[in-house]
Amino acid sequence: MKKNLKFLFLGVVMAVTSCSFTTREFNDPDKDKVLLDLITYVLEKGHYSPADMDDAFSIAVYEDFINALDPLKRYFIASDIEEFSKYRTSIDDQIKTKDLSFFNTVYKRFTKRMEEGKERYKKVLEKPFDYTLSETINVDYDNLEYVTTEAEMKDRWRQQLKFSTLSNYYDLVEEKENAAKVKKEAEDKGEAYEPSENATLSATEMEEKSRNQTKTSLDEYFEFTDDLERKDYFATFLTTIVEEFDPHTNYFAPPDRDRFDLRMSGKLEGIGARLQKKNDYIKVVDVISGGPAWRGEHIEVGDLITKVRQEDEDEAVSIVGMRVDDAVQLIKGPKGTKVVLTIKGVDGTTREETITRDVVELEETYAKSTVIEKEDKKFGLINLPAFYFDMENYKERNSASDVKREVERLKEEGVEGLVLDLRNNGGGSLRTAVDIAGLFIKEGPVVQVSSSSGKEVLKDKDDSILWDGPLVILVNELSASASEILAAAMQDYKRAIILGSKQSYGKGTVQNLVDLNQWLRKNDMGDMGALKVTTQKFYRVNGGSTQLEGVKSDVVMPDRFSYIDVGERDYENPLPYDKIAPAKYDVWDGYVDFDEAIAKSRERMAKSQQLALIEENALWIKERRDETDVTLNFDEYYAEIEKRKAETEKFDAIDEYDNKLNYRSLPDEVALMRQDTTLREKRKRWHKSLAKDIYVEEAVNVLEDLKITNIKAKKVANIKN
């Protein structure tokens, strides 16, 4: 998703909006109370579907705030929770009266428990761990009970730290065992071999070093938290409140808003990935096309980053349990520098990736096309990573004009069908989605947008058609927002066959960014930050929402995310799915065998051995991710990792697949590649990836099956200006 950093996650352009629905003044001398009052008022007046601030709302804030502070349940004890519980159903009333009793009580106790934790981990890590014991840890922290005694708390810390240290210990053992292999490889190349320091360690020394690594990570973690102030925790409290309205409504404290503005400018230097806290782990939720992580194929969505090491450092820092902002500070850095990440993949295996930081190459966020050759036939494929546009001048460059240009170039090559690849496209400009839809239909509505002020139907008003031939659209679980609008419109019009995952991401909402400072006439309290508010909702032309449901493919093809919740439905409190009245539109009449082509494709997919293997892999990943009991016995831990390595070998065939199709760049791009070796390498890599892609192969099969009516076939489509 978000192949252009100018666009926010899941494809809705955030515009700073001026909310002028009140003249209310906010004059409380207490900044925290002003913020609380201001934010809740803006939400009540500006949110698309304001949440009822009732007892259920209070309970949700209560649980989520406590969990945000202590996700591993190793600070608060049962008596703390018992004391906090008196606020369980009264937080909504406190918000309305600007009463901060709940926050103050929890914050004060948390800082006390944090100080206790600082001493506790040092004592635990003083003694060696016994990895011969038959012992397991349950990592389903959400369902973990709070401890009741100090002895239980010490044991929880012991287990969790043993779990972290066990991973370090395994890495050292593996490095030592691989030393012989590394030595032989060096000898075969005629190179001198120098064993690493770790390769010479004894078992006792490795155990001690692994504990020291864990201690160093926690030392640095508490150094981070020592720098946090009350205002930082209050910002967390405010975020908890606003996210009860919906997952995409967020409070940005001043530093966070600065980072948001920087993302919008597209000038970040780093690895090119978007990270999110998931339980106690830092999870990759997007790999930005054109960024260094993407170019080197280092990481993928769903990976967990467990450790970070700078190129000039010997020891890695564990970021398990670290705030996402602090983890990002370690991962990002100046262009040209290197960072080494320890990755726990979606399949459960662990690996190290060295990434050279860089500025995201925006050129790779733009539409690109290729000619697909199958025997004596030619087809076109357009890959669209995002719905982008120039924020200062729409006509300067945007995804719609780029797609139009690619279609025109492919027509000149005489292609018989067109594939539009929207996989991993998180969206962007809604206007460009409407304009792209207009390239394939005569005219009519594309999307309905509902807000508190009513409903608006966005239409293609140009009756010319750029491409009236067969059309297939590829989607997956990470196709979101504007991608879903375009795919849904083409599906409702029966203009294209949608091929891909069971359903797309399922984000059908629009957000606007509100500068909170604009409300204060006289502000001597400093920067108040900003609020990202959900203000609108998308609907298909058939009246259905894309919210939660996404777009359901006409032909479902499994992928590795098939059994993992990676979409809107994975959030705790998304806005619901609903329907409105359909818009008036005419179904495309250009095909003679639309339903038959779908039926043939489904029949082929049911017989595909490659898809069966992909399905098996998806189920295997789901089973691994559902495992919550992890052994703390080293021999069992080692055996489990070796077993997983062996099990994953059978899935190597997925990446070795050859769809027997040929791919070539268009003539003007070939001319550019003669001068630009980097572009040539990028296209070579892209074509190599397409050659392994069964989804593209099936898209071509569907294009062959789709027949245009005789009347349509004899007509020449008008070219839009």
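These entries record what I looked up in a predicted model of one protein chain.

**Entry 1. The chain overall.** I began with the secondary structure and found 22 helices and 23 strands in the protein chain. I then looked up burial: of the 721 residues, 55% count as buried. For contacts with a separation of 6 or more, I noted that residues 24 or more positions apart account for 77%.

Entry 2. I traced an open sheet of seven strands and wrote down its order as 21-18-17-14-13-12-23, with mixed pairing. Strand 21 (555–556) and strand 23 (662–664) each have a single partner strand and stand at the edges, so one side of each is left without a neighbour in the sheet. I next examined the pairing of strand 23 with strand 12 (residues 368–374), which is antiparallel and runs over three bridges. Within this pairing I located Y663 of strand 23 opposite I372.

**Entry 3. Helices across the sheet.** I asked which strands helix 20 and helix 21 lie across. Helix 20 (residues 677–691) lies across strand 12, strand 13 (377–383) and strand 23, and its direction makes an angle of about 50° with strand 12. Helix 21 (residues 694–705) lies across strands 12, 13, 14 (418–421), 17 (471–475), 18 (497–500) and 23. I recorded an angle of about 155° between helix 21 and strand 17.

Entry 4. Leaving aside neighbours within four places in sequence, I listed the contacts of E698 as L499, M557, S601, R604 and M605. For L499, I noted a separation of 199 residues from E698 in sequence and of 8.5 Å in space, C-alpha to C-alpha.

**Entry 5. Helix 1 with helix 8.** I turned to helix 1 (residues 31–46) and helix 8 (residues 230–243), whose axes come within 11 Å and cross at roughly 20°. Angles under 35 degrees count as roughly parallel, and helix 1 and helix 8 are therefore roughly parallel to each other. Their crossing is right-handed. I found that helix 1 contributes D32, L35, L36, I39 and L43 to the contact, while helix 8 contributes R230, F234, L238, I241 and V242.

How values were computed
Residues are numbered from 1 along each chain as its sequence is written. This is a predicted model: local features need pLDDT of at least 70, side-chain atom pairs count only at pLDDT 80 or more; totals for chains, interfaces and linings use all residues. Side-chain values use heavy atoms; hydrogens and water are left out. Two strands pair if DSSP finds at least two bridges between them. Helices (H or I, at least four residues) and strands (E, at least two) are DSSP runs, numbered from the N terminus. Contact means heavy atoms within 4.5 Å. Axes are lines fitted to C-alpha atoms, for helices over the stretch in contact, and angles run from 0 to 180 degrees between N-to-C directions. Angles under 35 degrees count as roughly parallel, over 145 as roughly antiparallel, 65 to 115 as roughly perpendicular and the rest as oblique. A crossing is left-handed if the near helix is turned anticlockwise from the far one by less than a right angle, and right-handed if clockwise. Buried means under 20% relative accessible area, exposed over 50%, partly exposed in between (1.4 Å probe, protein chains only).
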